[in-house]
Amino acid sequence: SRGLEVRDAVVRYGTTTAVDGVNLDVAEGEVLALLGPSGCGKSSLLRAVAGLEPLADGSVAWHGRDLAAVPVHRRAFGLLFQDGQLFAHADVASNVGYGLRVAGVRRTDREARVDELLGLVGLSGYGSRAVTALSGGERQRVALARALAPRPRLLLLDEPLSALDRALRERLAAELREILTATGTTGVFVTHDHDEAFAVADRVAVMDAGTILQVAPPEELWAAP
Ligand code: ADP
Ligand code: ADP
């Protein structure tokens, strides 16, 4: 089997059940939005897929391989959070190329890849800028470029646009969708924002109180909750 398969997943914090028996399939190359109100378990589910939170029950598989058998650092998933957590004292190029440098990619190859990534996120020519001089939207573009640098097959995004203003959020959501499509990256995008989910996703999974109520393409979902 291919893609991401979540089966009967349960995540607990003490006596709180944050994820209560979730089943979910995400096809390779698909972008799925996890949509629901704050506290419904979206982040916990995403973090469990990333291996950052243990499953109390159930399983997560990628390409038919149970992730319990794959160490977190070997999962080759990209992660992007609300605050991209850039290295404030490094320039844009160093931020984007950081993982490539750690992985031992040669300088000339790294520079070419960083240029390519900056082009992809609409920041060509920004390499030598200080990240502290960037707008919030530009910073998240840099964080996206950094997350895509190692060519992850699956990118997990937790409210990556939530710190930005509404007009920018919708524009970036549409751009993000194009970037994921262009790079063939499978995406799981957590958001509480209906419009954002509709702009970014092939399918939307509506979550409430730790369970998934419905999974459907945006055009088939009922009106905004
Ligand atoms: P969402 O991402 O939809 O806002 P979360 O997954 O963050 O939801 O939270 C789901 C539930 O689990 C909430 O009741 C939240 O308070 C609780 N929760 C999340 N993280 C923790 C934690 N580290 N310790 C205890 N409870 C947590
Ligand atoms: P999100 O909804 O995006 O997870 P939160 O503000 O709810 O954002 O959570 C931020 C951090 O606090 C996360 O690491 C989460 O696991 C943790 N957290 C959330 N709810 C609780 C809780 N009830 N008790 C302890 N930690 C929590």
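## A tour of cavities, pockets and a ligand

Helix H1 supplies 3 residues to the lining of the second largest cavity, the most that any element gives to it. Helices here are DSSP runs of H or I with at least four residues, strands are runs of E with at least two, and both are numbered from the N terminus. What you have open is a predicted model, in which local features need pLDDT of at least 70, side-chain atom pairs count only at pLDDT 80 or more, and totals for chains, interfaces and linings use all residues. Residues are numbered from 1 along each chain as its sequence is written, chains are lettered from A and ligands numbered from 1 in the order in which they are written, and side-chain values use heavy atoms, with hydrogens and water left out.

**Stop 1: the second largest cavity**

Select Leu 4, Leu 24, Leu 34, Leu 45, Leu 46, Val 49 and Val 188, which line this cavity. A cavity is a set of points, on a 1 Å grid over the protein atoms alone, where a 1.4 Å probe fits but cannot get out, and lining residues have an atom within 4 Å of a point. The space inside is about 30 Å³, where a volume is the space filled by probe spheres set on the points, and grid points are joined across faces, edges and corners. Its lining has 7 nonpolar residues, with no polar and no charged ones; Ala, Val, Leu, Ile, Met, Phe, Trp, Tyr, Cys and Pro count as nonpolar, Asp, Glu, Lys and Arg as charged, and the others, Gly among them, as polar.

**Stop 2: ligand 1**

The residues around the ligand, counted if one of their heavy atoms lies within 4 Å of it, are Tyr 13, Ala 18, Pro 37, Ser 38, Gly 39, Cys 40, Gly 41, Lys 42, Ser 43 and Ser 44. By class, this shell divides into 4 nonpolar, 5 polar and 1 charged residues.

Next, show the polar contacts, which are pairs of N or O atoms within 3.5 Å; within protein, one atom must be able to donate a hydrogen and the other to accept it, and residues adjacent in sequence count only if both atoms are side-chain atoms. A polar side-chain atom of Lys 42 is 2.8 Å from an oxygen atom of ligand 1, while a polar backbone atom of Cys 40 lies 3.1 Å from an oxygen atom of the ligand. For Ser 43, a backbone N or O atom is 2.8 Å from an oxygen atom of ligand 1. Taken alone, the ligand exposes 560 Å², of which the protein buries 56%; these accessible areas come from the Shrake-Rupley method with a 1.4 Å probe, and for residues only the protein chains shown count as cover.

**Stop 3: the open sheet**

Colour the open sheet of 4 strands, which has the order E2-E1-E4-E5 and antiparallel pairing. Strand E2 (16–26) and strand E5 (65–66) stand at the edges with a single partner strand each, so one side of each has no neighbour in the sheet. Two strands pair if DSSP finds at least two bridges between them, and strand E1 (residues 4–13) pairs with E2 in the antiparallel sense over 8 bridges. Along this pair, Val 6 stands opposite Leu 24 in E2, and Tyr 13 stands opposite Thr 16 in E2. In the hairpin of E1 and E2, with 2 residues between the strands, Gly 14 takes a positive phi near 55°.

**Stop 4: the largest cavity**

The search of the whole structure finds 2 cavities of 30 Å³ or more, and the largest holds about 100 Å³ of space. Its lining includes Leu 80, Val 121, Arg 141, Leu 144, Glu 175 and Ile 179. Helix H4 (136–148) and helix H5 (166–183) are the elements that give two or more residues to this lining.

**Stop 5: the pockets**

A pocket, unlike a cavity, is an open set of points with protein on both sides within 12 Å along at least five of seven lines. The largest pocket has a volume of about 780 Å³; of the 27 residues that line it, Phe 77, Gly 78, Leu 79, Arg 146 and Pro 150 are the closest to its centre. Strand E6 (77–81), helix H2 (92–102) and H4 each give two or more residues to its lining, with the largest share, 5 residues, from E6.

Finally, select the second largest pocket, which holds about 220 Å³ of space and has Ser 94, Tyr 98, Arg 101, Arg 110 and Asp 115 among its lining residues. Helix H3 (107–120) and H2 each supply at least two residues here, and the largest share, 6 residues, comes from H3.
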